[in-house]
Amino acid sequence: MKKPRLSVKPDPAAGRALHEWRKRLDLSFAEAAAMVSISPPYWQCLELGKKAPTIGIALALQKLTGIPIESWISEKGRASILAVDVTASRRAALTAEAQG
């Protein structure tokens, strides 16, 4: 089973922030990746915006770098989350009306 990711396409600003953080500390891909138990190629994909992190990795990155978990969610991803939330709220309201 695949681990849940934050969005299909991450916000490129998060990858740039991750790159800047790594460079500021003069870390290699391998050194930085080891700090959150991921592979160097995966870290590089995060920096380049090619992959969205799993929720667990995003939380680990937030603790390590201070980059908020919300930064990894693109505008499109935020809109999708909002749409799901609105749909769930409507469904709950309709269910409550039907039962009431």
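This report walks through a predicted model of one protein chain, from its overall fold to single residues.

## Overall layout

The protein chain has five helices and zero strands. Read from the N terminus, the order of elements is α-α-α-α-α. The chain has 100 residues, and buried residues make up 32% of them.

The chain exposes about 6,700 Å². Carbon and sulfur atoms supply 60% of that area. Contacts also reach across the sequence. Among contacts in the chain with a separation of 6 or more, 54% come from residues 24 or more positions apart.

## The nonpolar core

The largest nonpolar core holds 17 residues. Seven members touch the most other members: Leu18, Ile38, Trp43, Leu46, Ile57, Leu61 and Trp72. At least two residues come from each of α1 (12–24), α2 (29–34), α3 (40–48) and α4 (55–65).

Leucine 46 shows how parts of the chain meet. Neighbours within four places in sequence are left aside here. Leucine 46 is then in contact with Gly15, Leu18, Ile38, Lys51, Ala52, Pro53, Ile57, Leu61 and Trp72.

## Helix α3

Which residues of α3 are buried? They are Tyr42, Trp43, Cys45, Leu46 and Glu47. The cover over the buried residues of α3 includes α1, α2 and α4. Just after α3 comes glycine 49, with a positive phi of about 75 degrees.

## Glutamate 47

Glutamate 47 belongs to helix α3. Is glutamate 47 buried or exposed? Glutamate 47 has a relative accessible area of 9%. The cut-off for buried is under 20%, so glutamate 47 counts as buried.

The side chain of glutamate 47 makes polar contacts with two side chains named here. One is that of histidine 19, at 2.9 Å. Another is that of tryptophan 43, at 2.6 Å.

Residues up to four places away in sequence are not counted in the next list. Glutamate 47 touches Gly15, Arg16, Leu18, His19, Arg22 and Phe29. Take arginine 16 from that list. Glutamate 47 and arginine 16 are 31 residues apart in sequence. In space, their C-alpha atoms are 6.0 Å apart.

## Aromatic rings

The structure holds one aromatic pair. The rings belong to tryptophan 21 and tryptophan 43, and their centres are 6.2 Å apart. Why does the pair count as tilted? The planes meet at 40 degrees. Planes under 30 degrees apart would count as stacked and those over 60 as edge-to-face, so this pair is tilted.

The pair links distant parts of the chain. Tryptophan 21 is in helix α1 and tryptophan 43 is in helix α3, 22 residues apart. Tryptophan 21 counts as buried at 7% relative accessibility. Tryptophan 43 counts as buried at 0%.

The charged end of arginine 22 sits over the ring of phenylalanine 29. The distance to the ring centre is 4.0 Å.

Aspartate 26 is exposed, because its relative accessible area is 67% and the cut-off for exposed is over 50%.

Serine 37 counts as exposed, at 68% relative accessibility.

## Before α1

Where is proline 10? Proline 10 lies in the segment before α1. At 5% relative accessibility, proline 10 counts as buried.

Proline 10 and serine 71 are 61 residues apart in sequence. From C-alpha to C-alpha, they are 8.3 Å apart in space.

Definitions and conventions:
Residues are numbered from 1 along each chain as its sequence is written. This is a predicted model: local features need pLDDT of at least 70, side-chain atom pairs count only at pLDDT 80 or more; totals for chains, interfaces and linings use all residues. Side-chain values use heavy atoms; hydrogens and water are left out. Helices (H or I, at least four residues) and strands (E, at least two) are DSSP runs, numbered from the N terminus. Buried means under 20% relative accessible area, exposed over 50%, partly exposed in between (1.4 Å probe, protein chains only). Contact means heavy atoms within 4.5 Å. Accessible areas come from the Shrake-Rupley method with a 1.4 Å probe; for residues, only the protein chains shown count as cover. A nonpolar core is a set of buried Ala, Val, Leu, Ile, Met, Phe, Trp, Tyr and Cys residues joined through side-chain atoms within 4.5 Å. A polar contact is a pair of N or O atoms within 3.5 Å; within protein, one must be able to donate a hydrogen and the other to accept it, and residues adjacent in sequence count only if both atoms are side-chain atoms. Rings of Phe, Tyr and Trp (its six-membered ring) pair if their centres lie within 6.5 Å; planes under 30 degrees apart count as stacked, over 60 as edge-to-face and the rest as tilted. A charge sits over a ring if NZ of Lys or CZ of Arg is within 6 Å of the ring centre and within 35 degrees of the ring normal.
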